[in-house]
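This briefing goes through selected helices, helix pairs and loop residues of one structure. Please keep the sequence and the model open while reading.

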Amino acid sequence: MALSEEPAVGAVEDPVEDRAEDAAEDAALACCASLESFGESAETKELLGRLPAVLGDRAAREGALERFRVIMDKYQEQPHLLDPHLEWMMNLLLEFVQDKKSPADLVHLAFKFLYIITKVRGYKTFLRLFPHEVADVHPVLDMFTDQNPKDHETWETRYILLLWLSVTCLIPFDFSRLDGNLHNQPGQERVSTMDRILQIAESYLVVSDKAQDAAAVLVSKFVTRPDVKQKKMASFLDWSLCTLACSSFQTIEGVVTMDGMLQALAQIFKHGKREDCLPYAATVLQCLDNCRLPDSNQTLLRKLGVKLVQRLGLTFLKPQVAKWRYQRGCRSLVAGLQLSVQSPRDPGIQTETPDSDGEDDVPEEVESVIEQLLVGLKDKDTIVRWSAAKGIGRLAGRLPRELADDVAGSVLDCFSFQETDNAWHGGCLALAELSRRGLLLPSRLPDVVTVILKALTYEEKRGACSVGSNVRDAACYVCWAFARAYEPQELKPFVAAISSALVIAAVFDRDVNCRRAASAAFQENVGRQGTFPHGIDILTTADYFTVGNRSNCFLVISTFIAGFPEYTQPMIDHLVTMKINHWDGAIRELSAKALRNLAQRAPEHSTRHVFPRLLSMTQSPDLHTRHGAVLACAEVTHSLYTLAVQQGRPVSDFLDEKAVQGLKQIHQQLYDRQLYRGLGGELMRQAVCILIENLSLSKMPFRGDAVIAGWQWLINDTLRNLHLISSHSRQRIKEAAVSALAALCSEYHSGEADSTVQEELVKQYLAELQSPEEMARCGFALALGALPAFVLKGRLRQVLAGLRAVTHISPEDVSFAESRRDALKAISRICQTVGVQAEGTPDEAVCREDVAQVYCTLLGCLSDYTTDSRGDVGAWVREAAMTSLMDLTLLLARDQPELIEAPVCQQVMCRLAQQASEKIDRFRAHAARVFLALLHWDGPAIPHVPHRQELERLFPRSAVASVNWGAPSQAFPRVARLLGLPAYRYHVLLGLAVSVGGLTESTVRYSTQGLFEYMKGIQNDPQALEVFTGTLLQVFEDSLLNDRVSVPLLKMLDQMLANGCFAIFTAEENHPFCVKLLALCKEEIKKSKDVQKLRSSIAVFCGLVQFPGDVRRKVLLQLFLLLCHPFPVIRKSTASQVYEMVLTYDVVATDILDEVMAVLNCTAWDAELPVVRAQRNRLCDLLGVPRPQLVPKVTTCPLRPHGGPGAPSFSFFL
């Protein structure tokens, strides 16, 4: 028998709606398809076929299950590709289920696989493939006898069995014919098949797992059968309503029970015939009202309540298609696109027909249903509102025209500003459903379009954020539905407003989902209406992907769209009205920059209407409005000045005297109202600094005016008090103040008349470099770097000396890493500003002597490894030093290459190579980029680069362009190659030591691989190995007692010794390398209390044992000394590593090996020192090592009688 999921004849489901939804789903699937077929068919068949083989192995079983899940999940977006393969997959799995010899675990495993398929494809499609002959009914029922509803491991079995049973219930035979004679033996009565199925369904409706959903499906199929509904439908509904009435949503058990009952009732009223369900509908509605589900905090219960209410409403009304509904004639996309080039056509279909069934009586219960659905539109959860909106649309399609219009009016009441955002969202969804179904007549469009335009910009501030993005998204859905629902003639009066609103939402909305929804709605209207101005041109620029980037939307796409005059003014007005005062600072800044671009598209409108409004907004009591308005004034002013320059017109053509005076008064008005103080003052300081910069660049006629002194005060006061500004906005305010200073000095402090001002400015800033506040040093250092060349003229050497002093580390400012960083940036910027002249005047340009001093400063800062509670803050200084070295070196190579001396160039390249081999990814990548920029510079080759030819061969330009130097796996194998170049070996080895001995797993792994790869290449070259070890020892000697290097270096030495990197030296007794290394290790740990360092040294000592001669005896002595270290943890660590050493290296005679290992293994090395010392001495005797002697240390004190209280005390040390 062919099975179908279509509702029975007379059922309350809307077939028109089903077909429309199915078509929409198929279209969506076709559009988003990226896979062409089920490519894993063979693998899946093999996987399912070997289920019995993996059953006994838990790991293999779980692996097979997980692999199948991964395969299926690939098709979540395109499940229809599985359809040709569903039947054979089901047959394979059901063979295991139906085989009587299959163990229970195999059956449960097969059902797990079936559930995964069901989850991906959906049970409705999968359901039809189950065996559903008469002979299948009892076997499926019998399987339920072995099921335990409380077993949480096998819920998939029960879920699939219930679905299978729901299919077998559709057999076209009376169930009584399957029972035979129920009284086979006296006193014994078997339960009928009908009762068994109903008992199973009822028992699983109250469980808390997925089986509950399948039980609801089973009930809807079973109870609505012709033979069952006569006998069992009334009793089942009575049981479910009683259960529902006795349950409470205040308890977990009650919620589970009510969930099952509501699902079952909703399914019954969906699939049952109207004449069968109508007698019970009023009773069910009354019971549902008594449950007071809208008061529940359970979203699912409220959603099911709304769903059931709408099904009841559809039951009360006859299933009919409203004759009065609006029907659009032509839905062809081609016709819509051609509409703009063809003459308007008359509608071919009557869009509004008289309502012939207005006289039909509408049951009173429908009013209650609609009221509950309208309440559901305002629910706090989206899924409830969405269900209510669909219910409104379905019911309105069966109502007379006047009542349906009343419903539309009630929906419009949701769009009141007294309502919450939930009501607005629900109202938009309902309007979309009504228009999509043709139930929103054109006579209602003026009212609807008005509220939708408001909804497209709806936003309510809540605390530090806002709500309303869902409202705007739903409003875009309404506009999308309009495109499909109405003829172009109906929407023609509203095209300008809707198109502008959608463009604004697609470009200027804060949320990416809303921008993409607006773009999709605009595209739909362009395709189906064909009346949106410049639709195709806009769509090609503002498509789904391009609107994903907010900055791109505000600054690029908006400029393009504003080129079409229909959209220019609405976009500008929207920015001024809605975005300049936005709660999000990033949106305000982007809006100001967008206004800068758009002002040039409509200069007259910007001058006459926008600018006066912005000036008035700068005095607003609202902080956000004031901040955005000042930013917008700055950007629009500079934009209009730029336009005037381009057109060769005076700026006064765009900015009259009133506007200029208004701009000049902004600072003083804010100062008089004390709006530069507090948290709001941070925003206003930044905004006014940006205003100062733009007014200066726009050459406003303020030279000699008092406002210049006010601006200068603001900049100086901001830089001086940076430490009082919150850390998250400090950097931006500092940059804004420095940029404002540069523009202000260039425009208003130039000329001989201002030499006194310039002198005072430089003097003041140099004095501030000695401020006890680090942030003040940062600000004024950058300010000095931003001064124009004419201000620095005659004062250059003084300024450079002051900045160099800031970069020096002293005990009182050791943690001022940020000030040192900014001083380096300032030095580099000054060099770029004044230029380089080898024999120039020292106070006018950077001369030969200055170059040497600057290089010395920059190279010295590469050794800044300051750390504090924030971590390696010296890395900021090193990063700035690397950038400054690059800028200075490229400047010299371009203008004065003779000033680049060979030793300096070698130091620069070697120190960069060292930074490129260290452990912090970001700074390693920066160092590598700087190194390669100097090597592959496009200008004249930088002179004196060591091993240039070898470097170009190791790092060809084409190969390194795509390397991610921040990734250890890509960086270290390449950097380690520099070990083969003598000039770079020392510094690269110094950097690698820190990386190999670091903590980050990936850094340690790949740096070690790079080092060992190089060592492998020189393993059999004694001369190369001698040179390498000499460099290694030099690094160790130079880094003695420098824990940043020495501790990781010890770890690196341990790995190298353990991996036999120096095995060639074991052939010679007392090799100089081993002797020197032992001496350095002893010196490093002398009097050390650093546990990490001591542990690392123990590992190195154990590795040195492999070398023969006196060095081995000395190493053993050091280890035995550490066996009696005052720290128990060091004693235990030493014993453990010596034990491993004895096993690894052949250093102990065979006859005493067992005894030595027994002493090491059995001694409690964390015991008291006298006990431990005895065992240590025993080891010394066994291995022939002299026992360490206790050396008395006499404490100097006044002589007293022998044995008295002041007798000399002894402290023993090793």
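Between which two helices does the loop with His-947 lie? His-947 lies in the loop that runs between helix H44 (921–935) and helix H45 (948–954). This is a predicted model, in which local features need pLDDT of at least 70 and side-chain atom pairs count only at pLDDT 80 or more, while totals for chains, interfaces and linings use all residues. Residues are numbered from 1 along each chain as its sequence is written, and side-chain values use heavy atoms, with hydrogens and water left out. Helices here are DSSP runs (H or I, at least four residues), numbered from the N terminus.

**Loop residues with positive phi**

- Most residues other than glycine have a negative phi.
- His-947 is not a glycine, although its phi is positive at about 55°.
- With a relative accessibility of 25%, His-947 counts as partly exposed, a class that falls between buried (under 20% relative accessible area) and exposed (over 50%), as computed with a 1.4 Å probe on protein chains only.
- Asn-1070, which is not a glycine either, has a positive phi of about 50°, and its place is the loop between helix H51 (1043–1058) and H52.
- The relative accessible area of Asn-1070 is 29%, so this residue is partly exposed.

**Other loop residues**

- Arg-444 belongs to the loop between helix H20 (421–436) and helix H21 (445–455), and its relative accessibility of 17% makes Arg-444 count as buried.
- When neighbours within four places in sequence are left aside, Arg-444 is in contact with Asp-405, Ala-408, Gly-409 and Leu-412, where contact means heavy atoms within 4.5 Å.
- Thr-841 sits in the loop between helix H40 (817–834) and helix H41 (848–861), and because its relative accessibility is 43%, Thr-841 counts as partly exposed.
- From C-alpha to C-alpha, Thr-841 and Asn-694 are 34 Å apart in space, and in sequence they are 147 residues apart.

**A glycine within a helix**

- Gly-260 is part of helix H13 (residues 252–271), and with a relative accessible area of 0% Gly-260 is buried.
- Not counting residues up to four places away in sequence, Gly-260 touches Leu-205 and Gln-212.
- Gly-260 and His-1125 are separated by 865 residues in sequence and by 71 Å in space, C-alpha to C-alpha.

- Helix H6 (residues 104–121) has 18 residues and reaches 26 Å from its first C-alpha to its last, close to the 26 Å expected at 1.5 Å a residue; the expected span is 1.5 Å times one less than the number of residues in the helix.
- H6 is mostly covered, with 15 of its 18 residues buried, and the residue that follows H6 is Gly-122, whose phi is positive, near 95°.
- Helix H9 (residues 155–168) has 14 residues, and the 20 Å from its first C-alpha to its last is close to the 20 Å expected; H9 too is mostly covered, as 13 of its 14 residues are buried.
- Helix H54 (residues 1110–1122) has 13 residues and reaches 19 Å between its first and last C-alpha, close to the expected 18 Å.
- The buried residues of H54, including Val-1111, Val-1115, Leu-1116 and Phe-1120, pack against helix H52 (1072–1085), helix H53 (1091–1104), helix H55 (1128–1144) and helix H57 (1169–1183).

**Helix pairs**

- Helix H2 (residues 41–49) and helix H4 (residues 58–73) pack at an angle of about 155° with their axes 11 Å apart, the axes being lines fitted to C-alpha atoms over the stretch in contact and the angles running from 0 to 180 degrees between N-to-C directions.
- That angle makes H2 roughly antiparallel to H4; angles under 35 degrees count as roughly parallel, over 145 as roughly antiparallel, 65 to 115 as roughly perpendicular and the rest as oblique.
- In this pair, Glu-43, Thr-44, Leu-47 and Leu-48 of H2 meet Ala-64, Arg-67, Phe-68 and Ile-71 of H4.
- By class, the contact of H2 with H4 has 5 nonpolar, 1 polar and 2 charged residues, where Ala, Val, Leu, Ile, Met, Phe, Trp, Tyr, Cys and Pro count as nonpolar, Asp, Glu, Lys and Arg as charged, and the others, Gly among them, as polar.
- Helix H49 (residues 1001–1018) and helix H50 (residues 1022–1038) pack at about 140° with their axes 8 Å apart, and H49 and H50 are therefore oblique to each other.
- Leu-1011, Tyr-1014, Met-1015 and Ile-1018 in H49 meet Ala-1024, Leu-1025 and Phe-1028 in H50, a contact with 7 nonpolar, no polar and no charged residues.
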